[in-house]
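Visitor: I am new to this structure. Can you show me how to read it, feature by feature?

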Number of protein chains: 2
Amino acid sequence: MTITAEQVRQLRETTGAGMMECKKALLESAGDFDKAVDVLRKAGIARAEKRGGRDAAEGLVESYIHPGNRVGVLIEVNCETDFVARTDEFRDLVRNLAMQVAAGGADYVRREEVPAERVAKEKEIFAAQMEGQGKPANVIEKIVQGKVDKFFSEVCLVEQPFIKDDKVTVGDLIKQSASKTGENVVVRRFVRFRLGQE
Amino acid sequence: MTITAEQVRQLRETTGAGMMECKKALLESAGDFDKAVDVLRKAGIARAEKRGGRDAAEGLVESYIHPGNRVGVLIEVNCETDFVARTDEFRDLVRNLAMQVAAGGADYVRREEVPAERVAKEKEIFAAQMEGQGKPANVIEKIVQGKVDKFFSEVCLVEQPFIKDDKVTVGDLIKQSASKTGENVVVRRFVRFRLGQE
């Protein structure tokens, strides 16, 4: 079993334990990172707080609270350097995205995040709406697919039309910003609270 | 099967469908609320958006973004009336709670929300730390319980010492506010984003 310097470095960063302790823990856990953290914690060496593996990601955490405090949004948008994160261009983008989530009520960042069961349920409902209209199956399938696409464009942030300019999608807006700043720009996550609702 | 006026009212509020349509849908679903919503959606009558059952809850959604935009918090605190929600007393409380979550890094509102597996894992780690110290089992058990209590007071918002006055817990602070405003005050939920971390 060979433990790399990189593994040791990551474990040190996560746990705050010494280099030799980290190496020993990794050997004991056969290189399994999470187990090595537990080993160190059991030995009373590691900090309890677990840090994520993406410390290097730069960007901004921003919020938007709609006047009246009944709707609020928290969003994290990543870029590659702290320098870009502090530009007006990036700050404006993040503010616009937070406002978009508040107004547009997206549930997901992108299509890939929508659970398959939710898509299946939507399809079932759309198909049921088509029943008894005497349309051929291939036409129904096309219409249902169109409705599913519309559903995605409603629940996925990057597919929504931008609230301040509906000629572009939010995804376009992000791409524009990425090309202006010369960095990869990614909406990592967001949450939206509406008073008294799930 | 009897459908009550209250069931019809709730379904109308959720779906925006007419009274008779709601009654029919509820009869068809044998009184099952979620199924009735699906029935109305399949009939193309209901709005797709599902509203929660707690529309009546008042309070505020508030955020706190730590300078530098690397840590942010979104919180919902409920009270009973909009009147109290708009008082300075309540607003101050909510602002303090958002700041507390940002600084104190709670993972849960209260003990009951901590998953049993997480508690079990902490216990296991604490017990392993005690091993080989030659202490009797009942002493170990007491020490482990003490450590578990300390763990709760670190991860549960209402058990943390208040950051602006550590002689009181956050729970005390909420109780004081509840007794001043004369209303039940409940931290409903919060999220905390830290840049680049889970």
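Visitor: Which residue is the bridge partner of A:Pro161 in β4(A)?

Guide: A:Thr169 is the partner of A:Pro161. Keep in mind that this is a predicted model.

Visitor: How do strands β3 and β4 of chain A run, parallel or antiparallel?

Guide: They run antiparallel. Two bridges join β3 (residues 161–162) to β4 (residues 165–169). A hairpin of two residues links β3(A) to β4(A).

Visitor: Now the two chains. How is the size of an interface given?

Guide: Often as the accessible area lost when the parts come together. Here, chain A and chain B bury about 3900 Å² between them. Carbon and sulfur atoms give 49% of that area.

Visitor: How many residues are in contact?

Guide: On chain A, 44 residues are in contact with 44 residues of chain B.

Visitor: How many salt bridges are there between chain A and chain B?

Guide: The count is four. In one of the salt bridges, A:Asp38 pairs with B:Lys121. Their closest N and O atoms are 3.4 Å apart. That lies inside the 4 Å cut-off for a salt bridge.

Visitor: Which elements of chain A supply at least two residues each to the side that touches chain B?

Guide: Helices α3 (33–42) and α6 (116–130) do. So do strands β1 (58–65), β2 (71–79) and β5 (186–194).

Visitor: How do the residues on that side of chain A divide?

Guide: Into 14 nonpolar, eleven polar and 19 charged.

Conventions:
Residues numbered from 1 in each chain as written. Chains lettered and ligands numbered in written order. Predicted model: local features only at pLDDT ≥ 70, side-chain atom pairs only at ≥ 80, totals over all residues. Heavy atoms only, no water. Contact = heavy atoms within 4.5 Å. Buried area = accessible area lost by both parts, 1.4 Å probe. Salt bridge = Lys/Arg side-chain N within 4 Å of Asp/Glu carboxyl O. Helix = DSSP H or I, 4+ residues; strand = E, 2+ residues; numbered from the N terminus. Nonpolar A, V, L, I, M, F, W, Y, C, P; charged D, E, K, R; others polar. Pairing = 2+ DSSP bridges.
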